[in-house]
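Student: I have a protein to study today. Can we go through it step by step?

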Amino acid sequence: MASVSFRNIQKSFGKVQIIKGLGFDITDGEFVVLVGPSGCGKSTLLRMLAGLEDISGGEIVIDGRVVNDLESKDRDIAMVFQSYALYPHMTVGENMGFSLRLRNAEKSVTDERVSRAAKILNLDPLLGRYPRELSGGQRQRVAMGRAIVRDPKVFLFDEPLSNLDAKLRVAMRAEIKALHQRLKTTTVYVTHDQIEAMTMADRIVVMHDGIVEQIGTPLDLYDRPDNLFVAQFIGSPSMNVIEGTVRRAGGECWVESQGARWPVPVATSAPDGQPVHYGIRPGDMTLGGGSNGVDAKVIVVEPTGAETELLVQVGEAKLVLAVHGRVDARPDETVRLAIEAESVHLFDRQTGKRMGR
Ligand SMILES: Nc1ncnc2c1ncn2[C@@H]1O[C@H](COP(=O)(O)OP(=O)(O)OP(=O)(O)O)[C@@H](O)[C@H]1O
Ligand SMILES: [Mg+2]
């Protein structure tokens, strides 16, 4: 187990700077999930932590020790990739024990660790099989088994579940989480999957263009995104955002946009005339608003079973609603949106920063 710190990390490939002075701390035993758009530097950061990639500037600290010049094999880190890269000519057991054999560990030690990891991952019955005789999920478990056998200080996962089908992903997600609860090994996990990020993370790190936009617990980021980027990146379907202007008159406050009056939280202190991005999550609107609602035209209705997703239009703006249960609405029909004012997010249109509260 170990703490990890990134201090002012920079990374360039040739003249192109990919990581631009990034720093954060991971506490011992924490499960941190890295998210961000494709190409923002997530894998590069993991590879630098694992010692597979040089650092152009800054320091990486593991357990209080600067590891910049420490070779990968001496960092005591195990990484699980998207492509599990098992050795095809080795059995499951041999695959799992390989890293220990490379280090000339005693056979009894290797066998004991492999057998313990196999028990944790329910791989005992498969130890004698070859990778080609396994399902995708089983291969993924072997790849994790290989990492566990090393008993590392830190686990790194780079989109480990993205090759699996939806059902298996859910099952493996639960397994990785259970594994973490059991071993409590510090973990850094990269994913594009919103649900994985929200459900697995102690804290989520949102990266963008080589910097950190925000770090926090999943619900922190969901409820109080610091800026427009995080607001639109966290949550699925994404937050609706429309441009508008704050209006104050007769003791009331609202946002004017697309010819409609949009409710805002009571405590909003933004001055009259302030240009804003008005943000509202799909689940924070329902149908059937009263005098405080907004009229919208239905474009698409998508029942998913437990929920119904609607695409609606107000003026030029299109918004997505996720409504509980079934909805009796048809395309082209006009509906009235009820918006929960207290769940509205306002962002300064110039800086993109969260306003108030
Ligand atoms: N060896 C390399 N040489 C040159 N450029 C590289 C190299 N490795 C990565 N890059 C570039 O660095 C940037 C970050 O890549 P990285 O793989 O870290 O992104 P990522 O956040 O993991 O993206 P994804 O979500 O698509 O996996 C990309 O623009 C990529 O093209
Ligand atoms: Mg990547």
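Student: How many helices and strands are there in the protein?

Tutor: This is a predicted model, where local features need pLDDT of at least 70, side-chain atom pairs count only at pLDDT 80 or more, and totals for chains, interfaces and linings use all residues. Residues are numbered from 1 along each chain as its sequence is written, chains are lettered from A and ligands numbered from 1 in the order in which they are written, and side-chain values use heavy atoms, with hydrogens and water left out. Helices (H or I, at least four residues) and strands (E, at least two) are DSSP runs, numbered from the N terminus. The protein has eight helices and 20 strands.

Student: How far apart do the C-alpha centres of domain 1 and domain 2 lie?

Tutor: Domain 1 covers 4-225 and domain 2 covers 240-348. These bounds come from an automatic or database domain assignment. The distance between the two C-alpha centres is 40 Å.

Student: What share of the 357 residues counts as buried?

Tutor: Buried means under 20% relative accessible area, exposed over 50%, and partly exposed in between (1.4 Å probe, protein chains only). Of the 357 residues, the buried share is 47%.

Student: Which helices do the buried residues of helix 2 pack against?

Tutor: Helix 2 spans residues 92-102, and its buried residues include Val 92, Met 96 and Leu 100. Take Met 96: counting contacts (heavy atoms within 4.5 Å), Met 96 touches Val 114, Ala 117 and Val 142, among others. The buried residues of helix 2 pack against helix 3 (107-120) and helix 4.

Student: Asn 104 has a positive phi. Is Asn 104 buried or exposed?

Tutor: Most residues other than glycine have a negative phi. Asn 104 has a phi near 55°, and sits in the loop between helix 2 and helix 3. With a relative accessible area of 68%, Asn 104 is exposed.

Student: And Asp 332: buried or exposed?

Tutor: Asp 332 has a positive phi too, near 80°. Its place is in the loop between strand 18 (317-324) and strand 19 (334-339). Its relative accessibility is 58%, so Asp 332 counts as exposed.

Student: Which helix gives the most to the shell around ligand 1?

Tutor: The shell holds residues with a heavy atom within 4 Å of the ligand. Among them are Phe 13, Lys 42, Ser 43, Thr 44, Glu 159 and His 192. The top contributor gives three residues: helix 1 (residues 42-50).

Student: How much of the surface of ligand 1 does the protein bury?

Tutor: Start with polar contacts (pairs of N or O atoms within 3.5 Å). Polar side-chain atoms lie 2.8 Å from a ligand oxygen for Ser 43 and 2.5 Å for Thr 44, while His 192 has a side-chain N or O atom 3.1 Å from one. Accessible areas come from the Shrake-Rupley method with a 1.4 Å probe. Taken alone, ligand 1 exposes 640 Å², and the protein buries 57%.

Student: Which backbone nitrogen lies 2.7 Å from a polar side-chain atom of Asn 240?

Tutor: Asn 240 lies in strand 11 (residues 240-249). Asn 240 is buried, at 6% relative accessible area. Residues it touches include Tyr 278, Pro 282 and Leu 319. The backbone nitrogen at 2.7 Å belongs to Val 320.

Student: Which backbone oxygen does the side chain of Ser 343 reach at 2.8 Å?

Tutor: Ser 343 is in the loop between strand 19 and strand 20 (345-348). At 14% relative accessibility, Ser 343 counts as buried. The side chain of Ser 343 reaches, at 2.8 Å, the backbone oxygen of Glu 340.

Student: Which two residues does a cis peptide bond join?

Tutor: Most peptide bonds are trans. Here one has an omega of about -5°.

Technical notes. A polar contact is a pair of N or O atoms within 3.5 Å; within protein, one must be able to donate a hydrogen and the other to accept it, and residues adjacent in sequence count only if both atoms are side-chain atoms. Lists of a residue's contacts leave out its neighbours within four places in sequence.
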